[in-house]
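Reader: Can you walk me through this one? I'd like to start with the backbone and then move on to the ligand.

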Amino acid sequence: MKPPAPPAGRPRPAFPASLNQVVGQAASLAPARGATRPAPAATLQVPSGAGMDSSAVRQAMVRKLAAQGLQHPAVLQAFAAVERHRFVDSALVAQAYEDTSLPIGLGQTISKPSVVGRMLELLCECPLVATGRVLEIGTGCGYQAALLAQVCREVYSMERLRGLHDKAREHLRPLRLPNVHLIFGDGMLGFPGGGPYAGIVAAAGGHALPQPWLDQLAVGGRLVAPAELVPGRQSLVVVDRTPQGYLKNVLEGVWFVPLKSGIA
Ligand code: SAH
């Protein structure tokens with residue numbers, strides 16, 4: 001049957017309407033069911049020697065994370081969608097889906113998936129995060145920024161090392177994530193331009209939580225960061241900003257690279 005002709009004088013839907021839809025879809029790495037979008041180009045660049053079906057090993061990683069207690073559906077879905085092997089050197093591709101931290105250059109490391117999952121789950125427990133802006137301190141290779149892009153509306157990610165900032169940009173470019181903004185700068189100062197933030201997550205730990213992070217957290221928002229509040233013991237710290245003030249919870253011991261000031 002032919003579709004009914006549009007009423008005379010009524011214009012057909014304008015082209016930008018569909019263009020916007022396409023742009024909107026590009027924010028998600030997860031291919032929609034039945035979508036005709038081509039697979040991300042880098043999927044084809046897995047060295048064949050690695051003998052890896054990235055989708056199957058990602059699913060296996062997600063199952064392991066779930067078995068370890070990771071429950072948040074959006075976080076699990078993000079791990080299933082983002083290809084971790086894109087973010088590590090080719091020599092490390094075979095280890096990309098193991099629950100291990102890996103070197104990313106300049107003396108820094110990408111945290112192991114279970115730790116990243118724990119941080120993201122804590123962040124996503126805050127109801128504002130899914131529809132809000134999140135500030136990430138320590139872009140590193142860009143992997144966590146890509147995960148964050150799946151679980152919140154807008155990501156601002158800061159890195160103090162130019163070499164890693166540039167590397168993350170390269171890693172993220174083919175993913176075409178319009179909701180990720182990479183900023184080269186000292187994350188200890190936060191990024192007031194994107195705030196206030198529904199969530200702030202740090203991948204590097206200092207002795208105290210920098211005041212700008214607390215200032216730039218929205219009321220109702222949540223901060224998740226490692227910090228050495230007691231000398232010699234770095235712990236995961238969660239701060240909720242409530243209308244009455246800041247509520248701080250110190251959780252398990254962790255090991256993250258040091259939070260440093262200035263850029264290099
Ligand atoms: N989330 C990252 C983890 C990177 S490791 C990933 O997925 O790869 C932590 C990063 O924090 C390092 O790259 C380090 O250079 C960065 N860092 C440390 N202090 C910083 C600061 N003051 N501002 C911004 N980045 C910082």
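Author: P196 sits in the loop that runs between β5 (180-184) and β6 (197-202). Strands here are DSSP runs of E with at least two residues, helices are runs of H or I with at least four, and both are numbered from the N terminus. This is a predicted model: local features need pLDDT of at least 70, side-chain atom pairs count only at pLDDT 80 or more, and totals for chains, interfaces and linings use all residues. Residues are numbered from 1 along each chain as its sequence is written, and side-chain values use heavy atoms, with hydrogens and water left out.

Reader: What kind of peptide bond joins G195 and P196, cis or trans?

Author: Cis, with omega at about 0 degrees. Most peptide bonds are trans.

Reader: And L106, is its phi positive or negative?

Author: Positive, about 55 degrees, and L106 is not a glycine. Its place is the loop between β1 (102-105) and β2.

Reader: Switching to the ligand. Which residues come nearest?

Author: T109, E159, D186, G187 and K260, out of 26 residues around the ligand. Near means a heavy atom within 4 Å.

Reader: Which elements supply at least two residues each to that shell?

Author: β2 (108-110), α5 (143-151), β4 (154-159) and β11 (257-258). β2 gives the most, three residues.

Reader: How does the shell split by class?

Author: It has 13 nonpolar, eight polar and five charged residues. Ala, Val, Leu, Ile, Met, Phe, Trp, Tyr, Cys and Pro count as nonpolar, Asp, Glu, Lys and Arg as charged, and the others, Gly among them, as polar.

Reader: What lies 2.6 Å from an oxygen atom of the ligand?

Author: A polar side-chain atom of E159. For Q144, a backbone N or O atom is 3.1 Å from a ligand oxygen. For R160, a backbone N or O atom is 3.4 Å from a ligand nitrogen.

Reader: How much of the ligand does the protein bury?

Author: 98% of the 570 Å² that the ligand exposes when taken alone. Areas come from the Shrake-Rupley method with a 1.4 Å probe.

Reader: Back to the fold. How many bridges join β9 to β10?

Author: Seven, between residues 233-242 and 245-253, and the strands run antiparallel. Strands pair if DSSP finds at least two bridges between them. A hairpin links β9 to β10 through two residues.

Reader: Which residue is the bridge partner of V239?

Author: K248, in β10.

Conventions:
A polar contact is a pair of N or O atoms within 3.5 Å; within protein, one must be able to donate a hydrogen and the other to accept it, and residues adjacent in sequence count only if both atoms are side-chain atoms.
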